[in-house]
Amino acid sequence: MATRTVVVGSSVGLHARPAALFVAAVNEAAVPVTICKPGGTPGPANSMLTIMALGARHGDAVELGCEAPNADHVLDTLAALLERDLDAE
Amino acid sequence: MAGLIQGIGVSAGSAYAPALIVAPPVRPPHDEPVVDGDTAAQRIRAAFDEVAAQIDQRAASASDNAAEILKATAMLARDPGLIDAAVAQAASCGPATAIDRATQAFVQQFEQLGGYFAERATDVRDVGDRAIAAVLGEPSPGVSAVTHECVLIAHDLAPAETATLDRQRVVGIVTQAGGRTSHTAILAAQMGIPAVVKAAGCLDISPGTPLLVDGEAGQVHIDPAGEQVERLRGRSARRAQALADSHGPGATKDGKSVALLVNIGGVEDAAAAGAVDAEGVGLFRTEFVFLNASQAPTVAEQDAIYRQVFAPFAGRRVVVRTLDAGADKPLAFANLGAEENPALGRRGLRLSALRPDLLDAQLEALSRAADATGADVRVMAPMVALAEEAAWFARRVRENGLKSVGVMIEVPGAALRSRFVLDEVDFASLGTNDLAQYTMAADRMQGELSDLLDPWQPALLDVVAAACDGAAKTGKPMGVCGEAGGDPLVALVLTGLGVSSLSMAPSKLALVRYALAHHTFAQCQHLAHLARSARTAQDAREAVLAAVAPAVAAVL
């Protein structure tokens with residue numbers, strides 16, 4: 001399984017608008033992706049509730065995982081998205 | 001079952017319709033058996049599907065604002081994280097228990113995160129309760145689709161539930177819990193739906209039983225006799241006739257003006273209230289701008305909202321209360337943490353003093369919107385206790401180019417020293433709900449203490465009288481923006497005490513105007529004297545009721 005550890009770039013943390021944009025991107029990838037805090041239990045990354053429950057603030061690290069054949073590409077795209085300040089855009 | 005339930009009338013008018021009981025949440029059975037994996041997963045997914053479809057259906061027939069709330073809730077019912085968690089739990093327990101555990105896990109995490117998240121917890125719990133009912137094949141909890149005229153009976157209504165009520169069909173509301181100033185009470189009054197709260201035993205009424213709700217007397221008549229319905233209808237008709245001629249600025253019979261204003265809490269309210277025959281807004285609560293925001297709203301964002309609120313009131317006054325948040329209404333971006341006594345903690349102006357950046361942004365936005373719309377914007381601070389605080393606030397407001405600055409009088413300490421507090425500002429407004437809470441040391445949210453919060457409590461009237469006396473020494477106006485001002489009898493007493501404006505839910509204006517027009521200022525002073533001379537709250541109300549003009553007594 002491919003994984004990436006990403007630092008949240010959004011100034012408000014990962015909820016509300018940034019979380020909604022991220023969920024939309026996961027759905028667009030159309031393959032199962034997981035998300036958790038480092039060392040936590042992975043949950044579905046296309047779940048708004050799972051993401052909000054992480055309580056990830058600006059500067060916190062989160063871990064993405066994917067087992068699809070194109071996992072590296074999918075995770076690179078999603079990681080790049082998380083690193084941006086989605087709220088400012 | 002015939003009979004009478006005495007509660008507290010919180011929204012005037014009478015209603016006669018069959019009872020519709022709002023179902024309480026269904027709990028999973030204690031001995032629910034584990035179901036084999038695939039079947040359990042299927043049933044859980046089907047239950048969430050059903051809930052999402054149900055909510056979508058309600059959203060389709062709801063107004064814009066309500067539809068948005070409902071669509072967001074439907075999305076939660078489709079959330080893969082919630083559904084997967086429930087399916088995973090089902091390995092070790094029955095499907096309903098599994099849904100309950102999965103929901104509770106999210107609820108607990110959200111409550112720990114606080115602020116914005118804690119509010120979402122209520123929505124998650126609601127979705128979970130609905131899914132539990134669906135998987136058990138039980139009727140959904142909460143307000144179901146209302147298909148005919150009814151009197152709604154509930155333990156209590158969540159604000160979101162009240163906001164999404166079908167105003168055409170829900171003709172009355174009766175709740176077992178709640179209090180005089182609970183959110184159900186305030187929203188019902190704003191929507192003009194007769195309501196009685198704290199009606200003990202109302203949940204035992206059988207569905208479909210004809211009910212007569214008397215929003216003035218706070219009574220619920222169960223399966224009433226025809227003549228009783230006629231009597232109340234007669235009163236409602238007399239009232240409608242009396243009020244048909246009630247219009248224009250408020251004044252006593254001898255021409256002492258008492259400005260009649262409305263309380264609003266958002267853009268939708270403002271649009272509706274703009275059309276009401278009122279002299280302006282006496283209380284614009286601005287919390288709505290902040291409470292659902294994940295970060296502090298910018299000056300530009302606030303300016304845009306305030307313009308929409310002010311626009312319907314060009315040429316009229318709009319009294320704006322600056323942000324009134326505290327530990328019980330936490331902000332995602334200014335959360336000071338939990339407090340043991342939120343009502344007595346760092347709230348209102350006290351929060352603004354800790355985060356002056358928030359206050360300054362709000363004042364700048366208000367100033368811009370005032371200039372752009374031509375409304376007579378006046379700004380006041382909540383939770384002021386000291387003259388020093390009033391001075392601090394006044395300086396900031398004036399530095400932002402706003403012309404009129406005032407304070408809320410909610411703290412008894414400020415009421416007793418109103419002369420010195422008012423020296424620093426241009427006006428003051430009595431928040432009678434909080435003033436009652438602090439005078440009687442009785443939590444507004446505690447329904448069982450409602451009697452202590454009765455606006456007729458002579459001690460509260462004494463504190464109001466002291467505040468008005470202090471204001472009179474400065475020659476500056478003292479208004480009222482609490483719910484008490486909307487009761488015609490209390491309004492007469494407040495006028496007699498020297499209050500110069502009354503702000504209330506729009507549905508209460510006409511009756512108050514009518515009552516004022518039938519009494520001279522001297523008569524109001526006499527009524528105030530009678531109320532303050534009484535030993536108990538009940539004696540005070542009865543003494544005043546016995547002394548008012550017959551034309552007013554006939555329509556109460």
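What is the mean pLDDT of chain A, and what percentage of its residues reach 70 or more?

## Confidence in chain A

This is a predicted model. Chain A has a mean pLDDT of 89, with 97% of its residues at 70 or more. Within chain A, the lowest confidence falls in helix 1 (residues 16–29), where the mean is 87. The highest is in strand 2 (residues 33–36) of chain A, at 95. Where pLDDT is low, predicted coordinates should not be read in detail.

## Where chains A and B meet

On the chain A side, 13 residues are in contact with 16 residues of chain B. Strand 3 (43–44) and helix 2 (48–54) of chain A each give at least two residues to the side of chain A that touches chain B. Helix 2 of chain A makes the largest contribution to that side, with 5 residues. By residue type, the side of chain A that touches chain B consists of 7 nonpolar residues, 6 polar residues and no charged ones.

## Nonpolar cores

The largest nonpolar core holds 137 residues, and B:V407 and B:V493 touch the most other members. Domain 1 (3–22 + 143–229) and domain 3 (258–553) of chain B each supply at least three residues to this core. Another core, of 58 residues, lies apart from it; A:L49, A:A71, B:A41 and B:F117 are among its members. In soluble globular proteins, nonpolar side chains tend to be buried together.

Which residues does B:V407 touch, leaving aside those up to four places away in sequence? B:V407 touches B:M380, B:A381, B:V384, B:A390, B:F393, B:V421, B:V425 and B:A428.

## Helix 18 of chain B

Helix 18 of chain B covers residues 458–474, which is 17 residues. At 1.5 Å a residue, this helix should span 24 Å, and its end C-alpha atoms are 25 Å apart, so the two values agree. Just after the helix, B:G475 takes a positive phi of about 75°.

The buried residues of helix 18 of chain B are B:L460, B:L461, B:V463, B:V464, B:A465, B:A467, B:C468, B:G470 and B:A471. An α-helix has 3.6 residues a turn, so residues three or four places apart point the same way.

## B:D360 in helix 13

B:D360 is part of helix 13 (residues 356–373) of chain B. Is B:D360 buried, exposed or partly exposed? B:D360 has 15 other C-beta atoms within 10 Å, and is therefore partly exposed; a buried residue would have 20 or more, and an exposed one 12 or fewer. Along the chain, B:D360 and B:E399 are 39 residues apart, and their C-alpha atoms are separated by 9.6 Å.

Conventions:
Residues numbered from 1 in each chain as written. Chains lettered and ligands numbered in written order. Predicted model: local features only at pLDDT ≥ 70, side-chain atom pairs only at ≥ 80, totals over all residues. Helix = DSSP H or I, 4+ residues; strand = E, 2+ residues; numbered from the N terminus. Expected span 1.5 Å × (residues − 1). Contact = placed C-beta atoms within 7 Å. Nonpolar A, V, L, I, M, F, W, Y, C, P; charged D, E, K, R; others polar. pLDDT = per-residue confidence, 0-100. Core = buried A, V, L, I, M, F, W, Y, C linked by C-beta atoms within 7 Å. Domains from an automatic or database assignment.
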